[in-house]
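Notebook open, viewer open. Today I'm looking at how one chain is built and how it meets its partner.

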Amino acid sequence: MRKKLVSLSNIIFKYEGQSRNALDDVSFDIHQGEWLAIVGHNGSGKSTLAKLLNGLQFANSGTITINDQRLTEESVWDVRRKIGMVFQNPDNQFVGTTVQDDVAFGLENAGVSQQVMVERVHGALNKVKMNAFLNQEPHHLSGGQKQRVAIAGVIALQPDIIILDEATSMLDPRGREEVLETVRELKQENEITVISITHDLEEAAKADRMIVMNQGRLYREGTPQDIFELEEELIALGLDIPFSVKLTKELQKNGVHVVDGHLTEEELVKDLCELHSMM
Amino acid sequence: MLDKMIIGRYVPANSLLHRMDPRAKLLLVFLFVCVVFLANNFVSYGLLAVFTILLISVSKIPLRYLYNGLKPIFFLIVFTFLLHILFTKEGELLFEYGWFAIYKGGLIQGLFISIRFTLLILVTSLLTLTTTPISITDGMEELLGPLKKWKMPVHELALMMSIALRFIPTLMEETEKIMKAQTARGVDFSSGPIKERVKSIVPLLVPLFVSSFKRAEELATAMESRGYRGGEGRTKYRQLNWKTSDSLLMVSLGLLTVMLVLLRS
């Protein structure tokens with residue numbers, strides 16, 4: 001078992017002026033180096049979870065421990081240096097007037113010296129393949145490019161964890177793939193833990209582990225394989241299942257012997273081709 | 001739409017003036033504005049004009065940009081000139097027709113004021129034409145730095161400026177989008193009497209305000225999560241470096257001042 005990096009225990013959180021708890025007794029662990037997808041319908045509490053992890057909100061009760069450090073109002077600034085967050089709207093998180101200024105923003109806040117900053121800004125932009133756009137202004141970039149710059153801004157601070165808070169939901173399919181590919185590469189190279197909060201089940205299918213949230217409670221936790229087995233239950237929660245899983249089920253119903261567990265379209269296509277060549 | 005905005009004022013080029021430290025340029029303009037008032041005869045005004053022409057030639061800015069800068073205040077220049085001619089009654093009488101009289105003093109005074117105006121506008125437009133808005137902001141922040149001791153929020157003001165600059169194009173795009181959406185719903189922005197046209201701006205401004213507030217809130221959250229907590233302990237990515245050429249320019253301005261003091265009558 002890998003090391004526990006983050007652990008939440010019995011988190012209860014209520015937004016002011018609302019009667020229902022946004023998060024109701026939520027506990028789970030996040031392990032080092034894993035890709036955890038948190039899915040759920042609107043209002044299931046998944047985005048609130050992200051805010052709590054980054055200390056943008058504090059729980060009414062329960063504790064969050066990150067790397068053996070308890071998240072409190074005193075430790076929040078240390079914690080924010082370890083957790084980088086990429087938000088939904090590409091425009092509204094771009095602070096700098098140019099790409100390099102934006103990547104440097106977090107470093108400036110952390111009081112990193114100028115020489116180190118230049119090095120890290122260039123390094124981070126290289127990693128997200130945006131180094132050709134150093135002096136570009138944000139309105140000349142596509143949504144996907146802006147999100148990659150946001151990721152560069154996060155990794156320039158060398159965090160342990162990246163939280164993607166619906167970071168791909170406003171992008172076109174190409175931008176989405178660009179961003180996810182970038183995060184995947186970074187995770188491989190730098191052993192970063194990724195927490196991805198998402199609507200996109202195709203994206204969640206590629207995660208190591210999934211958490212399904214419903215009405216502020218943790219509904220189910222498991223590998224994507226396990227979760228998508230739930231089928232009807234997921235649909236009842238207002239979630240869908242990936243197309244490949246659906247197709248597999250339908251094929252099985254119609255007597256085609258496809259094995260279970262295709263979470264992505266490519267896998268399924270490959271398997272179907274093999275099946276076809278055997279017939 | 002974007003080209004017409006203030007940000008379009010900056011003309012990229014690689015001249016001595018472009019490469020100069022924004023602090024030096026800001027100081028230069030500020031001091032020049034003060035020094036202009038020292039001149040009070042033809043020789044001293046001539047000297048100022050020569051200095052300005054030198055600056056312009058060093059900047060490599062095409063003259064038509066400078067002309068564009070002068071255009072809006074052209075009326076003001078002519079107006080003050082005429083006022084002086086009509087109401088300054090000093091010196092020799094040059095021309096008289098009924099109540100209308102031109103005196104030599106008035107003519108000269110009017111000329112001087114017009115020259116002063118023109119020079120001031122030329123030099124200040126040179127600043128905005130050769131310096132990007134963000135460098136001007138950086139320069140301001142550095143120059144006003146000492147005021148922090150008296151609790152002036154210099155860093156905050158500079159950050160506000162730079163965020164405002166960064167969001168101008170974003171908001172312009174949004175305005176255009178909302179305009180199209182409202183046009184599709186039957187709002188007429190371009191014709192009708194003034195009163196109607198002013199009224200039609202309301203359905204444009206309301207959504208724009210709502211979305212700007214939403215943006216501001218999201219931006220604040222993003223900034224906080226990236227560790228922003230005010231100017232304290234913050235380092236700067238953009239470094240300004242004061243070069244020899246900057247000092248030389250300051251010296252030349254000093255010389256100009258000395259000469260003006262000597263030449264004024």
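Predicted model: local features only at pLDDT ≥ 70, side-chain atom pairs only at ≥ 80, totals over all residues.

I read the elements of chain B from the N terminus on and got α-α-α-α-β-β-α-α-α-α-α-α. That is ten helices and two strands (DSSP runs numbered from the N terminus: helices are H or I with at least four residues, strands are E with at least two).

Residues are numbered from 1 along each chain as its sequence is written, and chains are lettered from A and ligands numbered from 1 in the order in which they are written.

Chain B has a radius of gyration of 24 Å (over C-alpha atoms), well over the 18 Å from the globule rule for 265 residues (2.2 Å times the number of residues to the power 0.38), so chain B is more spread out than a compact globule. Its C-alpha trace spans about 70 × 55 × 35 Å along the principal axes.

I looked up burial too: 19% of the 265 residues in chain B are buried (20 or more other C-beta atoms within 10 Å of the residue's own, with C-beta atoms placed from the backbone).

Then the interface. How many residues does each chain put into the contact? I found 26 from chain B and 29 from chain A, with contact meaning C-beta atoms, placed from the backbone, within 7 Å. On the chain B side, helix H7 (154-184) and helix H9 (202-225) are the elements giving two or more residues. H9(B) has the largest share, eight residues.

Terms used: Contact = placed C-beta atoms within 7 Å. Buried ≥ 20, exposed ≤ 12 C-beta atoms within 10 Å, placed from the backbone.
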